[in-house]
Amino acid sequence: MIKAQLLKTFLIYVFILFFAYTGFYKVLHLDAFKFNIARTAVFPEYFINIIPYGVIALEFTVIFFLMYKKKTGVILFAISMLVFSIYIILLYKYGRYEVCGCGGVLNGLEFKYHLIINIIFLLLALSVIYLNHKIKTNYGL
């Protein structure tokens, strides 16, 4: 049980660091983030100035929940990674994916690497949800 709890805690910190890193990068490079969203030509022009703030707010909201309401935070993180993955898959399918615009070291990633990273984080989040369920079921926590 202690190993599972430590793994779960470690992964939650990884999720926090990942979203903090990409979120702060987006804040510091807001114009570039807006440009990356605009060049997909998926959203109407009037949404181009709203979506970046929504994505940034989402990432920091998820961080808040990961810190204070871990179970909810992990579920929100998993949903976010699923939605982001579906978004880039649709961009790729319709020929609008050029390179990753998430920020930082992820910026410029080709589709397959971006998708692999998203899926890894999604699977890690699902494993935390599973561990949480297993710990509660087996140990009555």
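With a relative accessibility of 4%, serine 80 counts as buried (under 20% relative accessible area; exposed is over 50% and partly exposed in between, with a 1.4 Å probe and protein chains only). The model is predicted, so local features need pLDDT of at least 70 and side-chain atom pairs count only at pLDDT 80 or more, while totals for chains, interfaces and linings use all residues. Residues are numbered from 1 along each chain as its sequence is written, and side-chain values use heavy atoms, without hydrogens and water.

Serine 80 belongs to helix α4 (helices are DSSP runs of H or I with at least four residues, numbered from the N terminus). Beyond its neighbours within four places in sequence, serine 80 has contacts with Phe19, Leu58 and Val62 (heavy atoms within 4.5 Å).

Val62 is in turn one of the buried residues of α3, along with Ile51, Pro52, Val55, Ile56, Glu59, Ile63 and Leu66. Seen down the axis of α3, these residues fall within an arc of 145° and so line one face of the helix (the arc is taken from the directions from the helix axis to the C-beta atoms). Their cover includes α1 (2-28), α2 (30-38) and α4 (70-93).

On the surface, Ile75, Ile79, Val83, Ile119, Leu123, Leu126 and Ile129 form a nonpolar patch with about 570 Å² of accessible area together (Shrake-Rupley method, 1.4 Å probe; patch residues have over 30% relative accessible area and no salt bridge, and nonpolar side chains are joined within 5 Å; a salt bridge places a side-chain nitrogen of Lys or Arg within 4 Å of a carboxyl oxygen of Asp or Glu). Two or more residues come from each of α4 and α5 (111-139), and α5 gives the most, with 4 residues. Isoleucine 129, in helix α5, is partly exposed at 32% relative accessible area.

Note on methods: Patch = residues over 30% accessible without salt bridge, like charges linked within 9 Å, V, L, I, M, F, W, Y side chains within 5 Å.
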